[in-house]
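The sequence and the model come first.

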Amino acid sequence: NTDISFEILGKLDSNYVVYKNIRWKHVLGIYNNNMRLVENQRIKFIPDKTFNIDFIVYPRYFYMIYQYQKNSIVHCMAVKMNEQCEKVGEPVQLDTTKIGVLADNKIYTTTFSEDRQKILVYKMHLKNDKLTIATKLFDNNLKILDQTRNTYDFDDRRDVFSELFVTNDGEVFFAKAAKFRPRE
């Protein structure tokens, strides 16, 4: 049983880039226009136990947003990569969260606006029938524009919250619905 996942990032410059995760190995495959493998580049600068990797792709570069846990702290990091899949500058820490011993460490979710000018990193935490949503909104250069923390009453038998979305103007929204429960 081998854990393999991949994501097609798309065309950058004249090559196609595919992310591959094989167990704890993170690789960027670079393919030419004929879809022949030009190079497999192992991403060596990220910690071994990195998880939840997201990509935001632009015509000549992409951001890789990733999480890793060190002791009881989950780090959410971002790094800019060029069309040759080389890092541009050092990784930037977007946020950290201290978690308990048995807590799920897949905390952060990344989304972006349709025009890719706004990047939203958020976390949702449920405790004692309260749902806390913390957001950080960045521009396309990873400069922070806004951050929020809101708490909502939450009954997991009744309430449903969607993922968060961000508009081109930087407005953040989500849907809240009530589960339908037929009468017995």
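Predicted model: local features only at pLDDT ≥ 70, side-chain atom pairs only at ≥ 80, totals over all residues.

What volume does the largest pocket have? The largest pocket has a volume of about 340 Å³.

## Overall make-up

The protein chain has 16 strands and zero helices. Along the principal axes, its C-alpha atoms fill a box of roughly 60 × 40 × 35 Å. Of the 184 residues in the chain, 41% are buried.

## The sheet S1 to S4

Four strands form an open sheet in the order S1-S2-S3-S4, and the pairing is antiparallel. Strand S1 (4-12) and strand S4 (37-42) are the edge strands, each of them pairing on one side only. From one strand to the next, the twist averages 20°. Strands of a sheet pair through backbone hydrogen bonds, in either the parallel or the antiparallel sense.

Within this sheet, S1 is joined to strand S2 (residues 15-22) over eight bridges in the antiparallel sense. One of the paired positions is Ile-4, whose bridge partner in S2 is Ile-22. Strand S3 (residues 25-31) pairs with S4, also in the antiparallel sense, over five bridges. Here Tyr-31 is placed opposite Leu-37 of S4. The hairpin of S3 and S4 has five residues between the strands, and Met-35 in this hairpin takes a positive phi near 60°.

## The sheet S9 to S12

A further open sheet of four strands runs in the order S9-S10-S11-S12, with antiparallel pairing. Its edge strands, each pairing on one side only, are S9 and strand S12 (144-153). The twist between one strand and the next averages 20°. S11 and S12 are paired in the antiparallel sense over nine bridges, and Leu-137 has Asp-146 of S12 as its bridge partner.

Thr-111 lies in strand S9. Is Thr-111 buried or exposed? Thr-111 counts as buried because its relative accessibility is 17%, which is under the 20% limit for buried residues. Ala-178 is 67 residues from Thr-111 along the chain, and the C-alpha atoms of these two residues are separated by 24 Å.

## Nonpolar cores

In soluble globular proteins, nonpolar side chains tend to be buried together. The largest nonpolar core in this model has 19 residues. Those with the most contacts inside the core are Leu-9, Leu-28, Ile-53, Phe-55, Phe-62, Met-64 and Tyr-66. The elements that give two or more residues to this core are S1, S2, S3, S5, strand S6 (61-70) and strand S7 (73-82). The largest share comes from S6, with four residues.

Another core, of 17 residues, lies apart from the largest one. Its members include Ile-56, Ile-65, Ile-99 and Ile-107.

## The largest pocket

Which residues lie nearest the centre of the largest pocket? They are Ile-107, Lys-123, Met-124, His-125 and Leu-126, from a lining of 16 residues. Ile-107 is also a member of the core of 17 residues.

Strand S8 (87-98), strand S9 (108-112), strand S10 (118-127) and strand S11 (130-139) are the elements that give two or more residues to this lining. S10 provides the largest share, four residues. By class, the lining of the largest pocket divides into seven nonpolar, four polar and five charged residues.

## The second largest pocket

The second largest pocket holds about 290 Å³ of space. Its lining consists of 15 residues, and Ser-5, Asn-21, Phe-51, Asn-52 and Ile-53 lie nearest its centre. Ile-53 is also among the residues with the most contacts inside the largest nonpolar core.

Which element gives the most to the lining of the second largest pocket? S5 does, with five residues. At least two residues of this lining are supplied by each of S1, S2 and strand S5 (50-57). The residues of the lining fall into six nonpolar, four polar and five charged.

Terms used:
Residues numbered from 1 in each chain as written. Heavy atoms only, no water. Pairing = 2+ DSSP bridges. Axes fitted to C-alpha atoms, helices over the stretch in contact; angles between N-to-C directions. 1 Å grid on protein atoms, 1.4 Å probe; cavity = no way out; pocket = protein on both sides within 12 Å on 5 of 7 lines; lining within 4 Å. Points joined across faces, edges and corners; volume = space filled by probe spheres on them. Nonpolar A, V, L, I, M, F, W, Y, C, P; charged D, E, K, R; others polar. Core = buried A, V, L, I, M, F, W, Y, C linked by side-chain atoms within 4.5 Å. Buried < 20%, exposed > 50% of the residue type's maximum accessible area, 1.4 Å probe, protein only.
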